[in-house]
2 protein chains.
Amino acid sequence: MSILGEMIIGRACLRGSAGQAFGYNPATRADLEPAFGQASGDDVERACALAQQAFDPYRALPLERRARFLEAIAEQILAVGPQLIERAMQESGLPQARLEGERMRTVNQLRLFAKVVRDGYFIDATVDSALPDRAPPRPDLRLRKIGLGPVAVFGASNFPLAFSVAGGDTASSLAAGCPVVVKAHGAHPGTSELVGRAVQRAAIECDMPEGVFSMLFGDGRTVGQQLVGHPAIKAVGFTGSRQGGTALMRTAAARSEPIPVYAEMSSVNPMFLLPSALQAGGATLAQGFVDSLTLGVGQFCTNPGLVFALAGSDLDAFVSAAAEALAAKAAGTMLTAGIHEAYNSGIARFGALDGLQLAAQGGEQGQGCAARAALYVCDADAYLGNPALEDEVFGPAAVLVRFTDEEQLLRAAEALHGQLTATVHAGESDHALAARLLPVLERKAGRVLFNGFPTGVEVSHAMVHGGPFPATSDSRTTSVGASAIDRFLRPVCYQNIPASLLPQELSDDNPLGLARLLDGTLKVGGAA
Amino acid sequence: MSILGEMIIGRACLRGSAGQAFGYNPATRADLEPAFGQASGDDVERACALAQQAFDPYRALPLERRARFLEAIAEQILAVGPQLIERAMQESGLPQARLEGERMRTVNQLRLFAKVVRDGYFIDATVDSALPDRAPPRPDLRLRKIGLGPVAVFGASNFPLAFSVAGGDTASSLAAGCPVVVKAHGAHPGTSELVGRAVQRAAIECDMPEGVFSMLFGDGRTVGQQLVGHPAIKAVGFTGSRQGGTALMRTAAARSEPIPVYAEMSSVNPMFLLPSALQAGGATLAQGFVDSLTLGVGQFCTNPGLVFALAGSDLDAFVSAAAEALAAKAAGTMLTAGIHEAYNSGIARFGALDGLQLAAQGGEQGQGCAARAALYVCDADAYLGNPALEDEVFGPAAVLVRFTDEEQLLRAAEALHGQLTATVHAGESDHALAARLLPVLERKAGRVLFNGFPTGVEVSHAMVHGGPFPATSDSRTTSVGASAIDRFLRPVCYQNIPASLLPQELSDDNPLGLARLLDGTLKVGGAA
């Protein structure tokens, strides 16, 4: 399959006319052919208008067809074959095994949302029967959730498949009955075109309304802002920088009709090493930490960038072991030249800070956009005096803070910003302290984990990849896992609607066998 | 019980030191004793600090105690007795029967949320079992929802009990495990003090953590803005004007940590009279419409202020019958002098519009803040040329628009802003047109009803009192009914948490008998 530098607008593939841009190989620092035409204002308008037209017919389709469409996307992505992995490797510097794993994750995510659609729990079907003899009489009331409308999805640089054109935001929007307009990330345009064409083929194969999916190339400041400002767009899914996410939040809030923005932005994912865990497993813990810190060259949203522990010889041993493990890690190629530069400035900033010592470094920086991992150590006073230490430096760098006592550590936990994850390493005898930490951490983070590492985000029903600001723009949701569909739904109540006009989900005979809340009691399947 | 002009801050009752204000009797245009001291910045600070301290201990209490607290509030409100109704009548101009009904609604609402807490569906308890043999292994993942944190609740003028100090926002926040700081509405300070003291007594009786509830007097522009800007406050519930609601939205979005605002603001609640419904029941329909329009002097959020129908003799007959019914309605006292003035300017604005005819008026304006109902009629062109006709005039005024054909009517439906409700009156032979309207209306409104009137909002599980902007600030939610609790919750995922540290809702033996999503399948009760 050729990569032509074309965008997807409904059933058409076409070249954007507003300038062009190239893919870039961060390992060789060379541009990649072909040139990708960037979207004009008219292209944005056309994609949004088609999405708007597609909304009613798409959401009216039987759930089974929606589920089948998601599965067809998964099949079409697999059908692209090795070309997809090769192009993604060139554009991202990520290794083959990682990208093959990510493709499988993307495909499984689409299949999970097909199941979510078929199960229909997300509909929250609710029936309150009429009570004609009550004074005043109660009408017949039925609730279901429907899609918000067309969603603008922004591809992320760090997961060119799983958080991009057909990633979690797209899968959950389509599952919710919402058409999608993707702004592809400029870091992997060829990968995006291949996936965009796969989605388009699935839409045609499944006879979906035109406009259910479009994909545009362009800059966040122009095409991205136009998309978020377009009246047809009713919600936004974004994974990226805090600067980018907050810019979209401002645009969305300033519209004549404000819309929700789901931006997953930044997190340092604090890790708490409690005394008996440190004592029991210092060296193993250190290796696990360093593996997590350097996985994917530290370019995970859940990368552990901040470590809190009580000072002492067990911690010193941990730092020594971590330093040794880190030194054995070769420098890895980062996703883009911009990310590589930002990482190098970030660690230069750390290097200049008073009271922060460089405790360990990874293997020397190599060719291209390769980055050297780094671990810094400081005392509580230096940490508390430098609020910037809680700002994420995207990449394989972490700061370890030594506290003198439990109260100081708890106060620092309380002072944390919102995070995607918080990790506690604790042995049995740490449970009293862990029990005091837990209520704090669940206020701070979307996921709290014990005796593990935060990288590796399972795509399942109980996953929360979210958290209070500034980790995300909206702590009430998750961008990974089955509940991600809830972001794109709103409830509608139907009062005394004639049976022939009722949506199937709410009809008395419950032909879809949905779980329903019937007069206040949850019933799994069966008729009303 | 004396009304002392005091605020509630935790377990204290005290007089605000930042000036004073009086209640006002809109029927007599006289101030009411006593003076109410207004909150200073320190008072706001103290209430917020106590709420923050109360959050962890309050949400950690067993669900049963939370439910019992809500029931105790209901009992304490009833125990205030006739004094509450008398004071509310004086402050609101509303009649005794309406306020007694509203008190019962308030009490039932608290009891509904006690049931919601006990049922525990809102927790969305989810368990994904560990899969240690999978490659890579899946960790044990468990999700529950917890409260967002302290909530600022703004009392509304038009429901001095049901949407005020212990109204739906307060009940659903407390049910979610969130402490509440109420800014009482200046239109009913005495009613607010009586209810605030009732809540305080319930909190003491149930041994709740101090700070779970406070109530302040003050202006929206000062105390209200301070509250919404306070770092301890994590969400806002508001019912009132679009101007007030959007001001809070701006403040909340501009915080260093933006927070959600649930503002229920304005709606003209369009009503569609389809041909065979008009033909079959014109006069009855006209009477029902006029009753709904003038109920509570038109001061309901769901007041039907806009009527769409096809021109013809059946519609003419409807307008004549409505005119007759309207003339028989006496003028009613509005809630405040400000609302009364705004209503009179609103109908003066209508009166000056080209192409808008005054078709009928209610009984003549009487003493005090009494308002005369009004029905205006215009053609589609005049309506489409005056976008201001879709702006709510709060009170008993409506505009009826005559369309020439179905397509024109459908286009006007498509052009509507977000609404709380949309009503269709349709006979059997209107169902084809109704089926075309329905997908449009469910995109526009939180509740779609057939052959009824939108006033009268049932407090039940399937109710949605919400809708797209500008009806509310957040279409994903409802401010009435059991789902209102969802506004104040966020999901947290627990990964590999030791059993002894797991919250009860997620422990294997499911001691609370909660419905849980277990490995993707919904189980009602029983152990994992």
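I looked up the pairing of β20(A) (445–450) first. Three bridges join β20(A) to strand β21 (residues 489–495) of chain B, and the two run parallel. Strands pair here if DSSP finds at least two bridges between them. V448(A) stands opposite Y494(B) in β21(B). Strands (E, at least two residues) and helices (H or I, at least four) are DSSP runs, numbered from the N terminus.

I note that this is a predicted model: local features need pLDDT of at least 70, side-chain atom pairs count only at pLDDT 80 or more, and totals for chains, interfaces and linings use all residues. Residues are numbered from 1 along each chain as its sequence is written, while chains are lettered from A and ligands numbered from 1 in the order in which they are written.

Next, the contact between the chains. It takes 60 residues from chain A and 60 residues from chain B. Contact means C-beta atoms, placed from the backbone, within 7 Å. On the side of chain A that touches chain B, β21(A) gives the largest share, seven residues.

Then I turned to helix α13 (residues 406–414) of chain B. L409(B), A412(B) and A413(B) are buried there. Buried is 20 or more other C-beta atoms within 10 Å of the residue's own, exposed is 12 or fewer, and partly exposed is in between; C-beta atoms are placed from the backbone. The cover over the buried residues of α13(B) includes β18 (397–403) and α14 (431–444) of chain B.

Technical notes
Contact = placed C-beta atoms within 7 Å.
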